[in-house]
Amino acid sequence: MTRWPLPDPMQRALEEARLAAAAGEVPVGAVVVRDGEIIAAAHNAPRTLADPTAHAEVLALRAAAKALGQERLEGCDLWVTLEPCAMCAGAIAHARIARLYYAAPDPKGGAVAHGARVFDHPQCHHRPEVYSGMGEEEAGELLRGFFARRR
């Protein structure tokens, strides 16, 4: 199998995931990109912030909205190391993210290609374009290593 270099946004998301792991958080990282520039980056921090909503995607969306001074992130892309959960998929739809790129699938907790499949519901008012698999191996290794050390 040929391995292509990962795009810069996914590399940055993986760096964020490593920061999460170093802080004892589940290693998930996310970045928001607009016009080819990373405008926000975050990693999981629910334990650190004592906030169950402090997933990487939510924190990155909040930072991007603050940077742009608006709640709608139209024209922005979200790059994340793990398939978003239902909460994060809902936030992605509300933020009007144009494209979602995620690395590793999450058959247990994901809600894009698995589980709730949030974007497939008729009640979902915005559906981003979705691309998966870029960085899957690296993101999967980070997650497997993190959970193996905790057992």
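**A walk through the core, the rings and the cysteines**

Let's start at leucine 73, which touches Leu61, Ala64, Ala65, Leu68, Ala95, Arg96 and Ile97, leaving aside residues up to four places away in sequence; contact here means heavy atoms within 4.5 Å. Before going on, please note that this is a predicted model, in which local features need pLDDT of at least 70 and side-chain atom pairs count only at pLDDT 80 or more, while totals for chains, interfaces and linings use all residues. Residues are numbered from 1 along each chain as its sequence is written, and side-chain values use heavy atoms, with hydrogens and water left out.

Leu73 also belongs to the largest nonpolar core, where Val32, Leu73, Ile97, Leu100 and Phe119 touch the most other members out of 43 residues. Such a core is a set of buried Ala, Val, Leu, Ile, Met, Phe, Trp, Tyr and Cys residues joined through side-chain atoms within 4.5 Å. Buried means under 20% relative accessible area, exposed over 50%, and partly exposed in between (1.4 Å probe, protein chains only). Among the elements that give two or more residues to this core are helix H1 (8-22), strand S1 (29-34) and helix H5 (136-150). Helix H3 gives the most, with 6 residues. Helices (H or I, at least four residues) and strands (E, at least two) are DSSP runs, numbered from the N terminus.

Now for the rings. The whole structure holds 3 aromatic pairs, counted when the ring centres of Phe, Tyr and Trp (its six-membered ring) lie within 6.5 Å; planes under 30 degrees apart are stacked, over 60 edge-to-face, and the rest tilted. Tryptophan 79 and tyrosine 101 are stacked, at 3.9 Å centre to centre with 10° between the planes. Tryptophan 79 sits in strand S3 (residues 76-82) and tyrosine 101 in strand S4 (residues 99-104), so their pair ties together parts 22 residues apart in sequence. Trp79 is buried at 7% relative accessible area, and Tyr101 is buried at 13%. Phenylalanine 146 and phenylalanine 147 form an edge-to-face pair, 5.1 Å centre to centre and 80° between the planes. Phe146 is buried at 4%, whereas Phe147 is partly exposed at 33%. Trp79, Tyr101 and Tyr131 make up one aromatic cluster.

Finally, the cysteines. The structure has 0 disulfides, a disulfide being a pair of cysteine sulfur atoms within 2.5 Å. For cysteine 85, the nearest cysteine sulfur, that of cysteine 88, is 3.7 Å away. Cysteine 85 is buried, with 18% relative accessible area. The sulfur of cysteine 124 lies 14 Å from the closest cysteine sulfur, in cysteine 88, too far for a bond.
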